[in-house]
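Here is a short briefing to read alongside the model.

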Amino acid sequence: MKILYILCLLISTQVFSQDDSFAKEYFKNGDYEKALFEYKKLYAQSSSNINYITQIITTYQQLEQYAEAETFITELIQRVDYPSFLVELGYNYQLKKDMAQANLSYRKALASIDENPNNVFAVARSFQNHTLLNEAIIAYEKAMVLKPDYNFNLQLAQLYGEQGNIEKMFISYIDFAEANPLSLGNIKRAINDFISEKSENENNVIFRKIILKKLQQKPNLLWNELLSWLFIQQKDFKKAFAQEKAIFNRQPESLLRIEELAAIASNENELDIAKEIYTFITETAQDANTLLEAHYNLMQLETKQSSKENYQAIDATYQELFKKFGTFSQTLKLQIAYAHFLAFYKNDTKKATSFLEKTLGLPLSELQQAEVKLELGDILVLQEKFNDALIYYTQIQRNLKNSTISQEARYKVAKASYYKGDFKWAESQLKILKASTSQLIANDALDLKLLITDNKYEDSLQTALKLYAKADLLSFQNRNDESIALLSKILNEHKTEPIIPQALFKQAQLYEDKIQFDKAEANYEAIIANYRDGILVDDAYFKLAELYENKLNQPEKAKALYEKIIFDHADSIYFVDARKKYRALRGDAIN
């Protein structure tokens with residue numbers, strides 16, 4: 001009979017929910033007398049509907065009619081043995097400030113779990129609904145002892161988190177993950193709210209100690225994985241790498257996790273450890289694709305970190321790789337990278353072009369041919385042979401319509417047209433790209449279109465815009481000193497034109513590349529001081545904040561700028577990152 005009644009409670013909740021709109025509206029508007037009248041009518045039609053029961057109790061309590069609520073709940077308890085109502089009765093006593101009777105009802109509700117562990121679901125949920133966290137925790141823990149198959153560690157972790165008991169919360173999350181390894185991703189996301197980028201943060205220390213203790217008690221790759229994850233959050237990639245190697249040594253089937261770690265370290269500009277990880281992969285990998293990808297990434301990092309004096313050694317390394325792996329379609333990515341190195345770093349465009357034309361003679365798919373032609377087009381732009389470059393880009397668009405690489409080629413058409421001062425044609429291409437399936441291309445297209453639109457009407461000769469486009473081209477050609485000088489010319493000779501903040505921002509980025517942080521700082525500050533209503537002010541706040549935080553070691557200044565974005569630029573694309581970085585700098589335990 002009891003089971004049948006409980007089933008009726010659940011079923012009737014759905015059947016009659018559409019009829020309570022008046023009652024809901026009255027309750028929402030604080031018209032509790034009318035709400036109570038409506039809910040009583042509904043209850044008369046369906047006395048097993050748990051929503052109506054709950055709302056009648058709550059409405060009585062809102063009206064402070066505790067005696068009426070008590071009578072109603074007592075009648076329910078006499079009618080059906082549903083332990084959740086004991087919690088409701090206890091809470092009603094609590095509202096009357098009769099804690100002796102409240103605790104007695106709570107104890108009875110908890111005792112019902114001893115009689116039937118299945119009662120935990122209704123009892124614990126009722127405790128949680130009334131923010132009775134201690135009682136909810138006792139209910140879950142009791143049920144897990146009585147019925148070991150139950151695993152309420154996830155619920156317990158959330159309750160401990162609400163209580164601020166971080167250590168018990170971590171232990172519960174970790175225990176849940178141990179029993180349910182497939183849930184690890186969700187568990188990491190939950191724990192991440194309590195972890196800081198700072199290794200000395202109290203929560204980080206607690207979490208690390210728990211995992212290390214688990215590792216000592218019972219070796220499990222799950223503990224290595226969680227330690228690696230923690231070290232990645234702290235940007236301690238060397239320690240993360242040690243954990244990943246330990247995992248790989250036990251399970252050497254795949255290097256994917258180590259590859260992902262290398263990519264993260266590289267993206268965080270931790271180039272030395274990224275190189276160390278990629279070197280490990282080149283020494284360990286067995287399949288050709290993994291080997292080639294690692295060598296490609298290693299060469300990219302070597303090139304990025306090297307001075308001109310080392311270019312010959314890099315060239316020799318490429319030759320060794322081609323000797324070892326050959327120049328076939330399988331090494332296409334490496335071949336394109338080599339041509340880029342020849343053209344953009346060694347300034348040997350002739351050799352780069354010849355090399356890629358030879359590559360085009362290989363048996364390549366249409367997509368692979370497009371990748372080669374895209375690089376050939378870029379090399380021609382580097383040489384300022386814009387019309388020749390447009391031929392390659394247009395071929396890609398024609399042969400691979402609506403593909404991502406086709407959209408990338410269209411963007412490069414627009415960029416080449418912009419470089420040579422054909423702003424009208426560039427704009428026409430950029431308008432199409434605003435709807436690109438690639439968000440990155442769409443965003444870049446929108447930024448360039450705004451740059452052209454905002455500056456083409458100010459001067460009929462478009463002198464400043466043409467100078468800026470030339471400076472942009474010089475930057476593309478790796479001629480950063482010349483680009484900086486040309487941007488200075490714009491800043492000095494076109495002081496009243498709208499392109500000034502853009503010139504300041506572009507120059508600041510080039511200064512950062514040249515490790516001239518004081519000059520970059522001055523440019524960002526000029527944008528903030530003089531163009532606070534412009535579209536680049538949040539960019540300037542964020543970049544200057546990062547500069548203070550990561551390069552100039554002035555965390556308080558960084559914190560103030562992140563705070564500025566949070567409170568004054570809530571619609572900024574940097575809002576989420578700014579809030580996270582601000583809270584980390586402030587030392588918040590919870591993100």
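Predicted model: local features only at pLDDT ≥ 70, side-chain atom pairs only at ≥ 80, totals over all residues.

Helices (H or I, at least four residues) and strands (E, at least two) are DSSP runs, numbered from the N terminus. Residues are numbered from 1 along each chain as its sequence is written, and side-chain values use heavy atoms, with hydrogens and water left out.

- Ser417 is buried, at 1% relative accessibility (buried means under 20% relative accessible area, exposed over 50%, partly exposed in between, with a 1.4 Å probe and protein chains only).
- Setting aside residues up to four places away in sequence, Ser417 touches Asp422, Trp425 and Ala426 (contact means heavy atoms within 4.5 Å).
- Helix 27 (residues 463–476) holds Lys466, and Asp472 is found in helix 27 too.
- Lys466 is partly exposed at 42% relative accessibility, whereas Asp472 is buried, with a relative accessible area of 11%.
- Not counting residues up to four places away in sequence, Lys466 touches Phe423 and Leu461; under that rule Asp472 touches Lys415, Tyr418, Tyr419 and Lys506.
- Between the C-alpha atoms of Lys466 and Tyr278, which are 188 residues apart along the chain, the separation is 42 Å.
- Val87 sits in helix 6 (residues 84–95) and is buried, at 0% relative accessibility.
- Leaving aside neighbours within four places in sequence, Val87 is in contact with Tyr106, Ala109, Val123, Ser126, Phe127 and His130.
- Val87 and Leu132 are 45 residues apart along the chain, and their C-alpha atoms are separated by 9.7 Å.

**Aromatic pairs**

- A pair of aromatic rings is described by the distance of the centres and the angle of the planes.
- There are 30 aromatic pairs in the structure (rings of Phe, Tyr and Trp, the last by its six-membered ring, pair if their centres lie within 6.5 Å; planes under 30 degrees apart count as stacked, over 60 as edge-to-face and the rest as tilted).
- Phe121 and Phe152 make an edge-to-face pair, because their ring centres are 5.6 Å apart and their planes stand at 70°.
- This pair links distant parts of the chain, 31 residues apart: Phe121 is in helix 8 (residues 120–129), and Phe152 is in the loop between helix 9 (133–146) and helix 10 (153–163).
- Phe121 is partly exposed, with a relative accessible area of 39%, whereas Phe152 is buried, with 4%.
- Tyr311 and Tyr345 are also an edge-to-face pair, since their centres are 6.0 Å apart and their planes are at 85°.
- Tyr311 belongs to helix 19 (residues 311–325) and Tyr345 to the loop between helix 20 (332–344) and helix 21 (349–359), so the pair ties together parts 34 residues apart in sequence.
- Tyr311 counts as buried at 11% relative accessibility, and Tyr345 as partly exposed at 26%.
- Tyr311 and Tyr345 belong to one aromatic cluster, along with Tyr318, Phe322, Tyr338, Phe341 and Phe355.

**A charge over two rings**

- The charged end of Lys245 sits over the ring of Phe241, 4.5 Å from its centre (a charge sits over a ring if NZ of Lys or CZ of Arg is within 6 Å of the ring centre and within 35 degrees of the ring normal).
- The charged end of Lys245 also sits over the ring of Phe280, 6.0 Å from its centre.

**Helix 30**

- The buried residues of helix 30 are Phe517, Ala520, Glu521, Asn523, Tyr524, Ile527 and Ile528.
- These residues cover an arc of only 165° around the axis, which puts them on the same side of helix 30 (the arc is that of the directions from the helix axis to the C-beta atoms).
- On the other side of helix 30, Asp518 and Asn530 are exposed.
- The buried residues of helix 30 pack against helix 29 (500–513), helix 31 (537–551) and helix 32 (555–568).

**The largest nonpolar core**

- Of the 192 residues in the largest nonpolar core, Val120, Phe127, Phe170, Phe207, Tyr318 and Tyr418 touch the most other members (a nonpolar core is a set of buried Ala, Val, Leu, Ile, Met, Phe, Trp, Tyr and Cys residues joined through side-chain atoms within 4.5 Å).
- Helix 20 gives the most to this core, with 10 residues.
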